[in-house]
Amino acid sequence: MKYRKTALSATLGLGFALGLGAMPASAATPDDGGSAKAGSSVTTGYTGESNKANEAFFNAVVKDALKKQAAKPGIQLVTVNYDASGAPSFASEIANSTAVWNSSVSNVQLAEGGGASFDYREGNDPRGSYASTDGHGRGYIFLDYAQSQQYDSDRITSHETGHVLGLPDHYEGPCSELMSGGGPGPSCTNDRPDANESARVNQLWANGVANVAFDQAAFAK
C-alpha cells in the first residue's frame, strides 16, 4: 500500500491558502447534513459522507454543464473543467483520477482548465475527505491529509471525483466497487470504477446532459 505524503509540512496544514477565494482549508464548511460532530477525531468523509452534500455538489456541476450545452446546442460530449491549484500536494492523485475516469466513461470527460465547474482543496479536517458545495452554487472536493495516510490516496481522489459525475456512496460494496469508498477498509487500493459504475455515469451523461436524471432515491440513504 502506498502513501507518499508522509512528511507534509505543518505549515501546509495550518496556513495553506486555497485557490478560488483563498479560503483556508481549515475553514471549509461543507453542507454535510450534520454528519460532523464537534470535537470528534473520527473521520466521516471517505468512510461516511453526507449524500445530501453529494447531491448538492452534483447538481451544481450539472447546472454549470447545462450552461455550456445551451451555448453549444446539440453537444454530445460534456467536458467538466476543474481547478486543482488548491490541492498541490495531491497533484499526481488528481491527474490519476482524471485519467482513470476519462478512460472509463465516454459521455463526459474531465479536464483541468478555465471556467472550472469545481475545484480541489486540501487540508486537515476531522471529517476526512468529502465532496460538497460552498453554499454559493460551486462544488469542491476536499482531500484530507490524515486520511490519505490511512487509506490509499489515489482511491480517495477517484472516489470523491465519482461524486462529480453523479455517483452516490455505497459503502457496503466490495473493494472492486469504487464508490464503496472506505467501506472495505484501508487495505483496498482499487482506484477504478467497476463496469456498473461506468455504465451509470455514461447513462447519466448520455447526449450531453439532456438525459441527466438525478437519482434522488440513491442519494437519500
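I call a residue buried under 20% relative accessible area, exposed over 50%, and partly exposed in between (1.4 Å probe, protein chains only). Helices (H or I, at least four residues) and strands (E, at least two) are DSSP runs, numbered from the N terminus.

**Ground rules.** This is a predicted model, in which local features need pLDDT of at least 70 and side-chain atom pairs count only at pLDDT 80 or more, while totals for chains, interfaces and linings use all residues. Residues are numbered from 1 along each chain as its sequence is written, and side-chain values use heavy atoms, with hydrogens and water left out.

**Confidence.** I looked up pLDDT, the predictor's confidence in each residue, from 0 to 100. The chain has a mean of 73, and 60% of its residues reach 70 or more. Among its elements, helix α1 (residues 10–15) has the lowest mean, 21. Helix α4 (residues 91–104) has the highest, 98. Over residues 1–44 the pLDDT is below 50. It also stays under 50 over residues 213–221.

**Sheet.** I traced an open sheet of 5 strands, ordered β2-β1-β3-β5-β4, with mixed pairing. Two strands pair if DSSP finds at least two bridges between them. β2 (108–112) and β4 (130–133) are the edge strands, each pairing on one side only. From one strand to the next, the twist averages 30 degrees. β1 (residues 78–83) and β2 run parallel, joined over 5 bridges. V80 stands opposite L110 in β2.

Helix α6 (residues 153–164) lies across β1, β2, β3 (118–123), β4 and β5 (139–144). α6 runs at about 165 degrees to β5. Axes are lines fitted to C-alpha atoms, for helices over the stretch in contact, and angles run from 0 to 180 degrees between N-to-C directions.

**Helix α7.** Which residues of α7 (residues 195–204) are buried? I list E197, S198, V201, N202 and L204. They fall within an arc of 165 degrees seen down the axis, so they line one face of α7. The arc is that of the directions from the helix axis to the C-beta atoms. The face turned away from the buried side carries exposed A195 and N196. D194 caps the N-terminal end, with a side-chain oxygen 3.1 Å from the backbone nitrogen of N196.

**E197.** I checked this α7 residue next. E197 counts as buried because its relative accessibility is 7%. Leaving aside neighbours within four places in sequence, E197 is in contact (heavy atoms within 4.5 Å) with L167, E177, L178 and M179. Its side chain reaches the backbone nitrogen of M179 at 2.8 Å. E197 and L178 are 19 residues apart in sequence and 7.9 Å apart in space, C-alpha to C-alpha.

Terms used. A polar contact is a pair of N or O atoms within 3.5 Å; within protein, one must be able to donate a hydrogen and the other to accept it, and residues adjacent in sequence count only if both atoms are side-chain atoms.
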